[in-house]
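I opened this entry to keep track of what I looked up, one topic at a time.

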Amino acid sequence: MCGIVGFVGREEAAPILLDGLARLEYRGYDSAGIAVYSPEDGLRVEKAKGRLQVLFDKIHGGADVKGHLGLGHTRWATHGEPSDVNAHPQLSESGRFAVIHNGIIENYVEIKEFLQEHGVTFVSETDTEVVAHLLDYYYKDDMMDAVVKVLHRINGAYAFGIVCADCPDRLIAARKDSPLIIGYGDGFNFLASDVTAVIKYTREVSYLDDGDIAVLTADSVEIYDSLLQRVEKAHHQVDWEVSAAEKGGYEHFMAKEIMEQPEAFRKTISPRIQDGNVVLDDLKIDRAALEAMDKIYIIACGSSYHVGVVAKYTLEKMLRKPVEVALASEFRYCDPIVSNQTLCIVISQSGETIDTLAAMREAKRLGARLLSIVNVVGSTIARESDDVLYTWAGPEIAVATTKAYSTQLAVIYLIALYFAKQLNTISMEEYDAIVAELQVLPDKMQQVLEQKENIQYYASRYFNHESIFFIGRNIDYAVGMEGSLKLKEISYIHSEAYAAGELKHGTISLIEPGALVVALAGHAALFEKLMSNVVEVKSRGADVLGVTVASLGKAMEKTVDAAVMVPDTLPMLLPSLEVLPMQLFAYYIALMRGCDIDKPRNLAKSVTVE
């Protein structure tokens, strides 16, 4: 999604806005702009298509734009192609209002036609421009009144930052279905779409709720709800360091975050395992509710959906309860069978993913109990859930997720163990064995990452392929889905993952001489069946890169062209090890193909437009 930052204080705003936007580059964008007010120049807007550096150079790092109040935006085009004109901020015809916006105004055509009938001339193709002109239309020397009237007129999702030349001491922020935070300082205040933009300047933040309007000056923040009643928001202290959102010597954030996974995994599980028991004090769900549970729905998208697929295998085996995994974007439209005895596990890194949020709200309307797994404390999904378990992964900057996937898996393991013990569906011997193995898993993850040079070599052999297939069975297939997604996300190679047993049902027709097949075969009980599938694709000329556990390595090497081995572990925990070489393989292939790894084309870190 696009990036928003606003600043009001006593320092020069433009350099601070540019710095904030630079910290939001990972979100994906194709143009950038700022609007800054000063008594000398009035409301000045500077915009540029392309990377933020283009804008930075244009205004000499902000030195050319004076003023202590302003807005900044990085835009990912939805309405209108990437261009200087379509970039935000958008100005009203009078030049009085500047607006930045994340989201979509669904009824913008109707409003645009209305304004044109009243003589307004539009210069951009954006839906956001109607908001700037509509503010002008309603403005009668009361900025807040105009904002409220505009919000009542528009339909859709939005996070707005608004500045008015007639009120040069304040910013106005408004939110519906798109995240906005307030950052508090001594003699300054921020609005932003993400904590990352402000962490260099303040650790004290609040999260706006849907319908909230905030008025920011250098010395105060006033927040109103949808009924224009003053509300007090909880102040949260961000507990990670600025360095966590920096590369720390790595060439890319993705490389850094891949290597951080063992420690991130450990931080997720360690506080929740006490004296050999999984302790989830944050959960309010009791044994009676678990016993009455008729079904578990897992709602997620992207990599979080793939965590859900792993979770289905794990939870059904351990709890003996039916589990269904639903793509969040499809859940609302499939007429789901949900009751007040259904548990919906909602998985989202940001806690703001719009299709996941909408699906969660539909599940809640139908009576389901909601348990969310998120990374961002205070995010919308976390606040609207009955229970929440945080992954504590710290900031993840690369668009393609790595440590969020691993820490979400860690939480799934904890949930499975905790629920299984409550339901008496696991023996104490098995429970103890899994808990013990879970605690040494970070060390085994580190052993896999130490093979990065071997994986880089395999990437050098295969980076010129234009189509790559992943096959696996059971939990190996679930990991293959994530491996395939990582590859296509950052290298732009066409890639698909198939359940290996489905090959003969059509997909083997895609195999031709020289094709690359990545075969995941760590699940010992299904190893021989998977190797039969390997023989099938080999007989049709495919090259096969195998992934398995150390104890099966020699058997695999007899058949495949190359093999990556991970340490032996319990089948349930295999995904945490197998996914690591898949991430490294994708990373090194993208590196060799010269791709923009941290900011892949057309993608955004947090999707807040359905």
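The notes below go from the ground rules to sheets, helices and cores.

**Ground rules.** I am working with a predicted model, in which local features need pLDDT of at least 70 and side-chain atom pairs count only at pLDDT 80 or more, while totals for chains, interfaces and linings use all residues. Residues are numbered from 1 along each chain as its sequence is written, and side-chain values use heavy atoms, with hydrogens and water left out.

**Strand 7.** Nine of its nine residues are buried, where buried means under 20% relative accessible area with a 1.4 Å probe and protein chains only. Both faces are covered, with G156, Y158, F160, I162 and C164 on one side and A157, A159, G161 and V163 on the other. For pairing I required that DSSP find at least two bridges between two strands. Strand 6 (residues 97-105) runs antiparallel to strand 7 and is joined to it by nine bridges, with I104 opposite A157. Strand 8 (residues 171-176) is also antiparallel to strand 7, over four bridges, and G161 has A173 as its bridge partner there. A hairpin of six residues links strand 7 to strand 8.

I then noted five strands in the order 24-23-25-26-27, paired in the parallel sense. Strand 24 (494-499) and strand 27 (562-566) are at the edges with a single partner strand each, so one side of each has no neighbour in the sheet. Between strand 23 (residues 467-472) and strand 25 (residues 516-520) I found four bridges in the parallel sense, and F469 is partnered by V517 of strand 25.

**Cores.** Which residues touch the most other members of the largest nonpolar core? They are F419 and F585, in a core of 119 residues; a nonpolar core is a set of buried Ala, Val, Leu, Ile, Met, Phe, Trp, Tyr and Cys residues joined through side-chain atoms within 4.5 Å. Helix 13 (residues 403-423) gives this core its largest share, 14 residues. Neighbours within four places in sequence aside, F419 is in contact (heavy atoms within 4.5 Å) with L283, I285, L290, L319, L343 and L371. Another core, of 33 residues, lies apart from the largest one and includes F114, A132, Y139 and I213.

Terms used
Helices (H or I, at least four residues) and strands (E, at least two) are DSSP runs, numbered from the N terminus. Buried means under 20% relative accessible area, exposed over 50%, partly exposed in between (1.4 Å probe, protein chains only).
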